[in-house]
Amino acid sequence: MIKRIIVFLILATIGYFLVGVVSQIPFGEDRNNVGDYYIEKTPTELKVSNAVTAIVVNYRGFDTLGEVTVLFLAATGLSSIMYRRRRKGEKQIRAKLPSSRIIQIGSQILFPLIVLLGAYVFIHGHLSPGGGFQGGAIIATATLLMLISYRKFKVNHNVISWIESIAGVVFVTVGFVGLILGMTFLENFLPTGELNDLLSGGIIGIIYVAVGFKVASELAGVIDTVLLNNRPEAKNEN
Amino acid sequence: MNEFLTISIYGTAVALMLIGFYAVLAKKNLLKIVIGLSIVDSGLHLLFVAIGYVNNGTAPIFSPEVLGSTQAMVDPVPQALVLTAIVIGFAVTAVALSLVIRLYRHHNTAAIDEIKNLKW
């Protein structure tokens, strides 16, 4: 009982201060701050239609590099935590029963379409809502679909880590080319093209495609690691 | 109308965060604690995006239809920050879940008070 009271006291304190802070913020007002600067500069200077993409990849590109690194660290940490040496002759058990024919055929039809959608989302990241992270997540979903429908479906971790590394290297190289050409890290050095063209925005397209590949391979690796190394019936063996 | 929107959106965000904190503080099951953490995350994201809203604003995308008009645009900065926050939230959830699975494998239970007297 005393626990419950303490919990609610803590919650009341948190809630009091949250409401106190939040109620100070006017809703729906244009506050004329840094956002307007970005909205003004994005179509004229960078020729990118999606202002969020411009901020994520160009103005705050260094931040995105850190974000990608965090994702990479999470994937690596997860596989090192989940790793479990198998005993001799022990097989990976994924599901007791194979999924039905309908699911298998359906996922075979859906898989390329989902991958296509993901590629579309990250290639058009500077034109429409979406981008590297979203497209990568969509492609990882396709992998999950295959993993649940086919017991034999395997994700090749070698290929995945190569894709991941190449994508990361591309990101950093694009950043360093800016430095070599006498600009800042991750500054745009390519011609920006026309607004609302597919080939516009300079380096943003390249970086977002790299991010898309990286996120897709990382998430697919995470899903596969969790599914592979998890065996509910194995108990007390370490 | 605006008053109602303000209260409902900010209220939802704060309520979500409080629900998440309640799960973290009071629940015994480790999985539920991780779920609580991601509920706090979603409340935070909602709050961020709501702060960036501008009355009658469109999405900050310069599609050909929007280019000619003088309609206001919502603030793109909080949206970019939320994109980062979602990815970090995913990373936190993934690592936390793997730790939970590991603990479950070791102790055969996910109840935190049975594992050790870590929680009162």
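**Close-up views of a two-chain predicted model**

**View 1. Helices α2 and α3 of chain A pack against each other.** The axes of α2(A) (residues 34-46) and α3(A) (residues 51-59) lie 10 Å apart, at an angle of about 80 degrees. Axes here are lines fitted to C-alpha atoms, for helices over the stretch in contact, with angles running from 0 to 180 degrees between N-to-C directions. Helices (H or I, at least four residues) and strands (E, at least two) are DSSP runs, numbered from the N terminus. The two helices are therefore roughly perpendicular to each other, a label for angles of 65 to 115 degrees, while those under 35 count as roughly parallel, those over 145 as roughly antiparallel and the rest as oblique. From α2(A), A:Tyr38, A:Ile39, A:Thr42 and A:Leu46 meet A:Ala51, A:Ala54, A:Ile55, A:Asn58 and A:Tyr59 of α3(A); two residues are in contact if their C-beta atoms, placed from the backbone, lie within 7 Å. Seven residues of this contact are nonpolar, two are polar and none is charged. Ala, Val, Leu, Ile, Met, Phe, Trp, Tyr, Cys and Pro count as nonpolar, Asp, Glu, Lys and Arg as charged, and the others, Gly among them, as polar.

The model is predicted, and local features need pLDDT of at least 70, side-chain atom pairs count only at pLDDT 80 or more, and totals for chains, interfaces and linings use all residues. Residues are numbered from 1 along each chain as its sequence is written, and chains are lettered from A and ligands numbered from 1 in the order in which they are written.

**View 2. Helix α3 of chain A is mostly covered.** In chain A as a whole, 32% of the 238 residues are buried. The chain has eight helices and zero strands.

**View 3. The largest nonpolar core has 56 residues.** A nonpolar core is a set of buried Ala, Val, Leu, Ile, Met, Phe, Trp, Tyr and Cys residues joined through C-beta atoms within 7 Å. A:Ala54, A:Ile55, A:Ile207 and A:Val211 have the most contacts inside the core. Helix α8 (residues 203-229) of chain A gives this core its largest share, twelve residues. Leaving out residues up to four places away in sequence, A:Ile207 touches A:Val57, A:Phe171 and A:Val174. Another core, of nine residues, lies apart from it and includes B:Phe21 and B:Val40.

**View 4. A:Pro191 sits in the loop between α7 (157-180) and α8 of chain A.** A:Pro191 counts as exposed because it has 9 C-beta neighbours inside 10 Å. Its C-alpha atom is 7.6 Å from that of A:Gly201, ten residues away along the chain.

**View 5. Helices α1 and α2 of chain B cross at roughly 160 degrees.** The axes of α1(B) (residues 2-26) and α2(B) (residues 30-51) come within 7 Å. These helices are therefore roughly antiparallel. Their contact has 18 nonpolar, five polar and one charged residues.

**View 6. Chain B touches chain A.** In this contact, 44 residues of chain B face 45 residues of chain A. On the chain B side, α1, α2 and α4 (76-107) each give two or more residues, and α4(B) gives the most, with 16. This side has 33 nonpolar, nine polar and two charged residues.

Methods
A residue is buried if 20 or more other C-beta atoms lie within 10 Å of its own, exposed if 12 or fewer, and partly exposed in between; C-beta atoms are placed from the backbone.
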